[in-house]
Amino acid sequence: MAFDTDVAIVGSGFGGSVSALRLTEKGYRVTVLEAGKRWTKDSLPDTNWNLRRYVWAPRLGLRGFQRLTLLKDVFVLSGAAVGGGSVVYANTLYEPLDAYWRDHLWPAGNDWRSEYAPYYDQAKRMLGVTPVPFIPPADRLLKAVAEDMGVADTYHPTDVGVWFGKPGERVSDPYFGGLGPDRVGCIRCGNCMVGCKHEAKNSLDHNYLHLAEQAGAEVLAERQVVDVLPLKGGGWRIVHERPGAWFRKDRRSLTTEQVVLSGGALGTQRLLFELKERGRLPGLSPALGTLVRTNSEALVGATAHRLPSGEVDRTQGSAGTVGYASGVAITSSIHPDEDTHIEPVRYGKGSNAMALIATLMVDGGGRLPRPLRFVLSILRHPVRFLRSLSARSWSERTVILLTMQTIDNSLRMVRKRGPFGPRLTTRQGHGEPNPTWIPAANRAARHAAEHMDGEPMGSIFEATLNTPATAHFIGGCPLGEDPSTSVVDPYHRVHGVEGLHVCDGSTITSNLGVNPSLTITAMTERAMALWPNRGEADRRPPMGAAYERLAPVQPEQPVVPASAPAALRLPVVEVATPPPSTPPPRSRSRSG
């Protein structure tokens, strides 16, 4: 059969962009389908008050990049754009905490930390990871909070994917031997999560995806995949349309030999549940939707009563930004205990829209329902509540405290029919109940408020629905050897479904305790390193066979020059060579 493309990749986030580059290097014709728009420095919004360009809700005419999803047990922030969540994420690129590697859910018999180590190194060099080289006002605040909590020695700067250089100065590509775009030194405006208009943020459209397109990968923006049909004799038909359209959906299709799902934990699960319901994937594991994680997160913070005129960042390139908005989105971390990690987060000056979902912080637990305690708090402190409604200079007066944990708690994603049709919802899953609040986070917020002369703040969803928020929704397609308890095998192939793969945050089985972007990148680097070059024999064991640690396959056409900082450096693995399986059929030319 003549396929339109060799590999169709659904989604262009960290998993999709890595897959696009590495498979293109191995000679495959790659097509990436992305629901979101392609953004440039000129089309990005100036602040997040421009809701049409900031929020992703296409059925409402909002075609930005920040997706907001309220499920039964969690409020999720995620991204939709060419480059996926990297356009809106906070640049933070940490390796997981130790507890992640000790988790019992890893397939037994292998040192997974050592296997992944070279791929974390590769991911860091590709994403331009470096520690934050300055201490803005929000970090001085976090240091004070750490001292109050008795953990001052745990303070450290964040590892981020940002080109700092000299603020505002344009330089030629410093990473890819001249094949990448110019970079401009970060001016510390703090608006990383509204999309970087200053060309300092190393989002995927400036590295992996940029290089993949240069090498021949095709990216189709504003195309929502609505069906994936298996073809008789092998391969797939991908049906896609304009996202959010009420009319003129512009439905099209393409055929492909292989499919890589990289739509993020929410997008991939939603599509797989739909395909399962339609009978497209009869062999799909019943584990779909299990081990959904929120990274055990809480989003709290503190807001000063007035603009802190004494807190001015006059470091080079900051333009004397007033208040807590100066810096990059996340600049440091502390660890109140071995399971808990707190980062100060900010939006830049003028980006005050998130004030609309912030309110007075209310603790969880206890006998009184949390919404009732919220009402009582308003009645006891009406002035404080009214003051909390003000969005004026909110970003300059506020430090968000993103709190993450490695504790074993999870949700179960299920698909239910409602009055408006089928929808995804959640219920409590494996391990401890997913936390609705984290005491250490609330303590940190109260300490911060004292230092700021302000109020500790939480989200309106916590206060009124007892529903926590997360910016790092992961899991749902667990990785493992047993098809009854996992959706993908250790090579990221979907159990029981030939030619279907998953490479995104849905395959992370445990709470990381850190931002997951680097881990998704490293996992996908490893998965793609084990694919054969196009037309060569596949040395991965047959699906259903026991896991074997394999030597990676060097691509025939590496894109980045060997002398460049981000050159591909695959590890040398001493393993017995397994017998090759049947080589994949070579696709003929694109049929149109």
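Accessible areas here come from the Shrake-Rupley method with a 1.4 Å probe, and for residues only the protein chains shown count as cover. The model is predicted, so local features need pLDDT of at least 70 and side-chain atom pairs pLDDT 80 or more, while totals for chains, interfaces and linings use all residues. Residues are numbered from 1 along each chain as its sequence is written, and side-chain values use heavy atoms, with hydrogens and water left out.

**Exercise 1.** Work out how much accessible surface the protein has, and what share of its residues is buried.

*Solution.* Start with the surface: about 22,800 Å², with 53% of that belonging to carbon and sulfur atoms. Next, take buried as under 20% relative accessible area, exposed as over 50%, and partly exposed as in between (1.4 Å probe, protein chains only). On that scale, 60% of the 592 residues are buried.

**Exercise 2.** Find what the buried residues of helix α11 pack against.

*Solution.* First, locate the helix: α11 covers residues 439-452. (Helices are DSSP runs of H or I, at least four residues; strands are runs of E, at least two; both are numbered from the N terminus.) Then pick out its buried residues, including Ala440, Asn442 and Met452. Finally, look for contacts, meaning heavy atoms within 4.5 Å. The partners are α5 (137-148), β17 (298-304), β21 (340-345), α10 (394-397), β23 (398-405) and β26 (454-459). Just after α11, Asp453 takes a positive phi of about 55°.

**Exercise 3.** Decide whether Leu379 is buried or exposed.

*Solution.* Leu379 sits in helix α8 (residues 370-380). Its relative accessibility is 64%, so Leu379 counts as exposed.

Notes
The expected span of a helix is 1.5 Å times one less than its number of residues.
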